[in-house]
Amino acid sequence: MTVRQLLSLLFLVPCLCLSAADTAADAQQRLHGAVDEVLKAAEGAKSRPALHDKLRPILEKHIAFGAMTRRAIGPGWRQFTPEQQSKATQLFTTLIIRSYSNKFTLGEHPEVLYQKAATPAPGRVDVATTTVYQGSRYAVTYRMEQEEGWHITDVVIEGVSMIANYRSQLDAAFKKGGAATVLSSLSDSTSRP
Amino acid sequence: MKTTPPILALFLLAVLPLFSSCTSTHKKADVTVNTVIKSSRKNVSAKVAPTTSKTDDLDEYAVTKVSDPLEGLNRATFKLNDGMYTYIFRPISKGYEFILPKALRRGVDNAFENVKYPVRVVNCVLQGKMKRAGLETEKFAVNTVAGVGGLFRVSDKIASIADLPAEDTGLTFAKWGIGHGAYVVIPFLGPSSLRDGVGLIGDYALNPVNWGVFWKGKHDWTKIPPSANTLRVLPSQLAAYDAAAKDSVDPYLSVRSAYVQNRAAAEKK
């Protein structure tokens with residue numbers, strides 16, 4: 001290694017570290033923004049349908065539903081037609097948003113304590129938090145990825161990944177009856193009262 | 001840094017029933033979403049997410065592999081539990097919530113969790129985690145003395161002991177190299193495995209609320225603490241169960257996956 005190469009390397013390492021720190025900070029800031037927007041919308045909602053309508057555009061802005069749907073379905077996704085992929089994404093998005101809206105308890109204000117974020121790979125940041133909710137403390141990590149801005153691609157609570165959880169269900173549905181069964185399962189889930 | 005939450009409620013509620021015994025404590029998060037849990041002696045393993053690269057690879061979330069030879073029986077028990085939760089325990093839970101205000105219920109929860117100190121400290125010692133056993137002792141002392149017998153969780157204000165990971169006998173068995181064995185759904189209690197099911201016996205024996213049961217002679221009062229302990233966890237358990245069942249595509253698979261992932265993560269702490 002020449003002196004020039006050595007100097008270049010010495011210069012590059014701290015730059016990479018600083019870049020990673022900036023990246024993590026950006027992602028964390030994005031998460032803060034999402035949190036604030038959701039809470040503001042929730043506080044102003046008069047009814048649950050109204051809350052649903054207000055949250056949908058906010059969640060669609062901050063969550064990468066397309067990537068989440070693909071990963072939740074898994075390798076079977078490749079055998080979906082474009083129309084089926086579109087339908088699956090639409091249903092999965094509705095399922096997640098509806099579930100979230102239904103669980104949101106007005107008046108409950110969980111506290112999120114942000115831990116140090118990590119950058120396990122370029123374009124990806126895991127924002128770890130301790131969330132205090134109804135008197136209990138939970139380790140919640142938001143997995144964020146950068147693709148046209150930072151978006152949430154998974155939520156891991158006490159080691160339980162939302163995407164891995166849905167994958168276990170949708171993969172079984174796919175093996176049972178292919179894309180049609182996945183779509184009907186999602187449709188059944190979203191149509192449940 | 002503190003603020004209020006975002007996207008969490010949905011999934012938070014969905015998985016609550018699966019780690020009720022470890023809800024009060026957890027390891028200070030060190031940002032490792034990625035957990036690839038495999039043990040040569042485990043029949044239940046979970047691979048959650050990749051560690052190396054940001055990709056959109058459809059294969060990156062491998063399907064949770066679970067030894068579930070009793071799936072038919074487990075599904076039947078799951079259904080039975082669902083009925084019990086809905087038609088027997090929900091009315092009881094509603095009554096408890098009606099009688100006791102939220103603040104008091106929280107105090108009761110704190111006190112019961114605090115008194116489970118022997119479960120945590122003995123398993124720390126059995127796993128050779130002496131430093132953590134010391135921290136558990138510190139936490140117990142702080143909450144008992146400053147928290148008025150554990151009614152107030154003062155330890156939340158002390159960073160070093162606020163988020164200690166949960167410990168139980170099943171985790172001790174895991175530390176000793178014993179695999180899960182088959183996945184089982186226990187009547188009323190819900191998801192477990194052969195290993196963790198046996199571990200529950202140890203947890204029961206180590207929990208002071210149950211010690212009265214071992215006393216010689218019959219004393220009706222000894223049934224009060226364990227009954228109260230069961231009663232106080234019902235509201236959160238049932239709310240979470242409802243959320244899990246409603247939000248999933250296949251409630252049985254959803255609960256099983258969450259259980260395996262949660263236990264795998266707990267083993268690593």
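Axes here are lines fitted to C-alpha atoms, for helices over the stretch in contact, and angles run from 0 to 180 degrees between N-to-C directions. The model shown in every view is predicted.

**View 1. Helix H3 of chain A against helix H5 of chain A.** The axes of H3(A), residues 65-73, and H5(A) approach within 6 Å and cross at roughly 70°. Angles of 65 to 115 degrees count as roughly perpendicular, and H3(A) and H5(A) are therefore roughly perpendicular to each other. On the H3(A) side the contact is made by Met68(A), Arg71(A), Ala72(A) and Ile73(A). Facing them in H5(A) are Ile163(A), Tyr166(A), Arg167(A), Leu170(A), Phe174(A) and Val182(A). By class, the residues of this contact are eight nonpolar, no polar and two charged.

**View 2. The largest nonpolar core and Leu170(A).** The largest nonpolar core holds 70 residues. Phe92(A), Val127(A), Met144(A), Leu170(A) and Val182(A) have the most contacts inside it. Helix H5 of chain A, residues 162-191, gives the most to this core, namely ten residues. Leaving aside residues up to four places away in sequence, Leu170(A) touches Ala72(A), Ile73(A), Gly74(A) and Val182(A), as well as Val249(B) of the other chain shown. Another core lies apart from the largest one and has six residues, including Val121(B), Val122(B), Cys124(B) and Phe140(B). In soluble globular proteins, nonpolar side chains tend to be buried together.

**View 3. Helix H4 of chain B beside helix H5 of chain B.** H4(B) covers residues 117-126 and H5(B) residues 130-145; their axes come within 8 Å and cross at roughly 165°. That crossing angle makes H4(B) roughly antiparallel to H5(B). The crossing of H4(B) past H5(B) is left-handed. From H4(B), the residues in contact are Tyr117(B), Arg120(B), Val121(B), Cys124(B) and Val125(B). Their partners in H5(B) are Met130(B), Arg132(B), Ala133(B), Glu136(B), Thr137(B) and Phe140(B). This set divides into seven nonpolar, one polar and three charged residues.

**View 4. The surroundings of helix H4 of chain B.** Seven of the ten residues of H4(B) are buried, and the helix is mostly covered. The buried residues are Tyr117(B), Val119(B), Arg120(B), Val121(B), Val122(B), Asn123(B) and Cys124(B). In chain B they pack against helix H3 (102-115), H5, helix H7 (169-175) and helix H8 (194-206). Just after H4(B), Gly128(B) takes a positive phi of about 75°.

**View 5. Gln146(A) in strand E4 of chain A.** Strand E4 of chain A spans residues 136-146 and contains Gln146(A). Is Gln146(A) buried or partly exposed? Gln146(A) is partly exposed, because 16 other C-beta atoms lie within 10 Å, whereas a buried residue would need 20 or more. The C-alpha atoms of Gln146(A) and Ala64(A) are 9.8 Å apart, although 82 residues separate the two along the chain.

**View 6. Chain A as a whole, for orientation.** The secondary structure of chain A consists of five helices and six strands. Read from the N terminus, the order of elements is α-α-α-α-β-β-β-β-β-β-α. Chain A has 193 residues, of which 45% count as buried. Among its contacts between residues at least 6 apart in sequence, 51% join residues at least 24 apart.

Terms used. Residues numbered from 1 in each chain as written. Chains lettered and ligands numbered in written order. Predicted model: local features only at pLDDT ≥ 70, side-chain atom pairs only at ≥ 80, totals over all residues. Helix = DSSP H or I, 4+ residues; strand = E, 2+ residues; numbered from the N terminus. Parallel < 35°, antiparallel > 145°, perpendicular 65-115°, else oblique. Left-handed = near helix turned anticlockwise from the far one by under 90°. Contact = placed C-beta atoms within 7 Å. Nonpolar A, V, L, I, M, F, W, Y, C, P; charged D, E, K, R; others polar. Buried ≥ 20, exposed ≤ 12 C-beta atoms within 10 Å, placed from the backbone. Core = buried A, V, L, I, M, F, W, Y, C linked by C-beta atoms within 7 Å.
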